[in-house]
Amino acid sequence: MAKMLVIYKTPADPAAFERHYHDIHIPLAKQLPGLLRYEISRQPIMNVLPGETPFRVATLYFNSLEDIRTAFASEIGRACAVDRRKLAGDDDLVTMLLFDTETL
């Protein structure tokens with residue numbers, strides 16, 4: 001299984017972020033080809049180490065890293081990338097990690 005972890009920092013307008021995220025971004029992202037599951041964090045997020053606590057964390061599940069690449073090369077994937085810039089425009093406001101997982 002491969003995952004995409006998206007970590008959002010606290011936006012300037014949290015209420016506007018939440019509206020856009022739930023009304024526009026999530027419905028768009030749920031159309032990604034090959035997406036198996038989409039999870040988001042609930043508030044509050046607890047940071048057990050020093051540093052900034054994320055505002056929102058999303059985990060998208062795919063069968064493979066290649067499926068993630070294919071999804072984001074699609075028309076919907078490109079639309080998600082454009083919309084993510086509307087949602088959290090500055091790259092320093094979001095972290096995206098792609099990785100394979102293994103069960104131990």
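Colleague: How close do the axes of helix α2 and α3 come, and at what angle do they cross?

Modeller: Start with the general idea. Two packed helices are described by the angle between their axes and the distance between the axes. Axes are lines fitted to C-alpha atoms, for helices over the stretch in contact, and angles run from 0 to 180 degrees between N-to-C directions. Helices are DSSP runs of H or I with at least four residues, strands are runs of E with at least two, and both are numbered from the N terminus. Here, the axes of α2 (residues 65-73) and α3 come within 4 Å and cross at roughly 80 degrees. That makes α2 roughly perpendicular to α3. Angles of 65 to 115 degrees get that label; under 35 counts as roughly parallel, over 145 as roughly antiparallel, and the rest as oblique.

This is a predicted model: local features need pLDDT of at least 70, side-chain atom pairs count only at pLDDT 80 or more, and totals for chains, interfaces and linings use all residues. Residues are numbered from 1 along each chain as its sequence is written, and side-chain values use heavy atoms, with hydrogens and water left out.

Colleague: Which residues make the contact between α2 and α3?

Modeller: Contact means heavy atoms within 4.5 Å. From α2 come Ala71, Phe72 and Ala73; from α3 come Glu75, Gly77, Arg78 and Cys80. By class, that is 4 nonpolar, 1 polar and 2 charged residues. Ala, Val, Leu, Ile, Met, Phe, Trp, Tyr, Cys and Pro count as nonpolar, Asp, Glu, Lys and Arg as charged, and the others, Gly among them, as polar.

Colleague: At what angle do α1 and α3 cross?

Modeller: Helix α1 spans residues 14-29 and α3 spans residues 75-87; their axes come within 10 Å and cross at roughly 170 degrees. The two are therefore roughly antiparallel. Among the contact residues are Phe17, Tyr21 and His25 of α1, and Cys80, Asp83 and Arg84 of α3. This contact has 9 nonpolar, 2 polar and 3 charged residues.

Colleague: How many aromatic pairs does the whole structure hold?

Modeller: A search finds 4. A pair of aromatic rings is described by the distance of the centres and the angle of the planes. Rings of Phe, Tyr and Trp (its six-membered ring) pair if their centres lie within 6.5 Å; planes under 30 degrees apart count as stacked, over 60 as edge-to-face and the rest as tilted. Tyrosine 8 and phenylalanine 17 have centres 5.2 Å apart and planes at 70 degrees, so they are edge-to-face. Phenylalanine 17 and tyrosine 21 have centres 5.4 Å apart and planes at 20 degrees, so they are stacked. Tyr8, Phe17, Tyr21 and Phe55 form one aromatic cluster.

Colleague: Is tyrosine 8 buried or exposed?

Modeller: Buried means under 20% relative accessible area, exposed over 50%, partly exposed in between (1.4 Å probe, protein chains only). Tyrosine 8, at 2%, counts as buried. Phenylalanine 17 is buried too, at 4%. Histidine 25 is buried at 6%.

Colleague: Where is phenylalanine 62 found?

Modeller: It lies in strand β3 (residues 56-62). Phenylalanine 62 is buried, at 0%. Its C-alpha atom is 6.1 Å from that of glycine 34, 28 residues away along the chain.

Colleague: Which residues does a cis peptide bond join?

Modeller: Most peptide bonds are trans. Here, glutamine 43 and proline 44 are joined by a cis bond, with omega about -5 degrees. Proline 44 is in the loop between β2 (37-40) and β3.
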